[in-house]
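Take a moment to look over the sequence and the fold. The walk below goes strand by strand, then ring by ring.

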Amino acid sequence: MVKELWESQPDMRFFQLLDWIESEYSKQNDRLEQQNLFKRDSYHVEEPFSYIDLFYLEDDQLESFLKRFVEENKTRQVLEMGQAKKGSQYWLQEYVNNRQEELNNLILMSSPSLLTFLDKERSIQWKSPLRETGYQEYRNEFLELENVRKGRRIELEKYWPRMGPQWDGYAAAVGKNGQKGFVLVEAKAHVKEMKSSIRAKDLESRFMIENTMKETMEAMGSRAPIEVWQNRYYQLANRLAYLYILNEKMGIPTWLVLVNFLDDGTHIPTGSLEWVEHYQEVFSEMDIKSELNHLFDRIVTVFPKGH
């Protein structure tokens with residue numbers, strides 16, 4: 001166990017490792033024979049610290065502590081790897097884990113169709129990005145995780161390549177009579193994140209994507225050149241394609257939530273007017289119409305504060 005801890009912190013020297021273990025034991029057992037001491041840092045400033053002399057500590061007690069410490073250290077490392085520091089990823093993690101009610105209310109106030117679908121008692125059940133799973137994000141496997149019905153992922157891959165887009169977040173939406181649906185999230189903190197183009201190299205994959213995208217465009221009443229969807233706003237286009245596949249091809253009630261953070265205090269701030277003008281331009285270029293577009297009410301735009 002000591003070896004495992006050291007391998008997780010390979011830059012530590014051996015006695016630094018021992019000092020770390022002793023320090024953590026002292027913090028977690030501060031009701032025992034603790035001595036309140038002071039140490040001087042490199043600037044000769046005295047700092048208080050807790051210390052328990054481990055000279056008489058029995059091996060079975062040490063072993064019990066190390067087991068817990070190893071697991072805690074693994075969990076901490078997973079969280080640190082997945083935790084974002086700035087931008088839309090940071091803010092979505094913050095809202096899903098710490099401000100969930102606020103986010104849910106914004107979504108429901110912006111989507112009458114989702115509001116009327118939901119079972120009042122169950123509401124929106126967030127599955128990603130959750131702190132306890134290291135803020136993991138999912139692709140097509142979200143269908144398997146939710147046990148919608150066996151073989152649904154295989155069915156999905158008739159219309160889109162195996163990997164699929166990586167969703168910034170997703171939630172289960174439990175409707176009346178136990179009907180299950182999805183809330184799929186695409187998050188942005190500034191307008192430049194919207195520009196993207198298709199990257200698939202495999203000819204078979206590109207052919208599948210193009211066919212599904214053409215069907216999606218038709219369902220949404222778009223007569224824009226397909227190049228606009230594939231080479232200008234591809235990231236949004238493939239999310240819209242999934243909205244079409246899940247609702248129309250597979251019969252799974254699904255909502256696409258475009259989460260746009262206002263005045264991001266961690267990176268590039270974007271105001272509400274800039275967002276509105278940007279979406280007017282995007283929807284106009286993609287030629288997405290509200291009339292005769294029965295999927296339009298499954299597209300939800302919300303604007304939480306990025307501070």
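Is β4 mostly covered or mostly open, and how many of its residues are buried? The strand is mostly covered: six of its six residues are buried. Keep in mind that this is a predicted model.

Look at which way the side chains of β4 point. G169, A171 and A173 point one way. Y170, A172 and V174 point the other way. Residues in both groups are buried.

Now step back to the sheet around β4. It is an open sheet of five strands. The order is β3-β4-β5-β6-β7, and the pairing is mixed. β3, residues 124-128, and β7 stand at the edges. Each has a single partner strand, so one side of each is left without a neighbour in the sheet.

β3 and β4 run antiparallel and are joined by four bridges. One place to look is S128, whose bridge partner in β4 is Y170. Next, β4 and β5 also run antiparallel, with six bridges between them. Here G169 stands opposite V185 in β5. These two strands, β4 and β5, form a hairpin with five residues between them. In the turn, N177 has a positive phi of about 65°. β5, residues 180-188, runs parallel to β6, and seven bridges join the two. A187 stands opposite V259 in β6.

Helices pack on this sheet. One of them is α4, which touches β3, β4 and β5. Its direction makes about 140° with that of β5. Another is helix α11, residues 234-249, which touches β5, β6 and β7. The direction of α11 makes about 155° with that of β6.

Now turn to the aromatic rings. How many aromatic pairs does a search of the whole structure find? The search finds 18. Take Y95 and F261 as an example. Their ring centres are 5.7 Å apart and their planes are at 40°, so the pair is tilted. This pair links distant parts of the chain, 166 residues apart. Y95 lies in helix α4, the helix that packs on β3, β4 and β5. F261 lies in the loop between β6 and α12. Both Y95 and F261 are buried.

A second pair has another geometry. Y279 and F303 are edge-to-face, with 6.5 Å centre to centre and 85° between the planes. Y279 is in helix α12, and F303 is in the segment after β7. They are 24 residues apart. Is Y279 buried or exposed? Its relative accessibility is 6%, so Y279 counts as buried. F303 has 30% relative accessibility, so F303 counts as partly exposed.

Rings can also gather in groups. W20, Y25, F65 and F69 form one aromatic cluster.

Finally, look for charges placed over rings. The charged end of R239 sits over the ring of W167, 5.3 Å from its centre. Likewise, the charged end of R298 sits over the ring of W255, 4.3 Å from its centre.

Note on methods
Residues numbered from 1 in each chain as written. Predicted model: local features only at pLDDT ≥ 70, side-chain atom pairs only at ≥ 80, totals over all residues. Heavy atoms only, no water. Phe/Tyr/Trp six-rings, centres within 6.5 Å; stacked < 30°, edge-to-face > 60°. Buried < 20%, exposed > 50% of the residue type's maximum accessible area, 1.4 Å probe, protein only. Lys NZ or Arg CZ within 6 Å of the ring centre and 35° of its normal. Pairing = 2+ DSSP bridges. Contact = heavy atoms within 4.5 Å. Axes fitted to C-alpha atoms, helices over the stretch in contact; angles between N-to-C directions.
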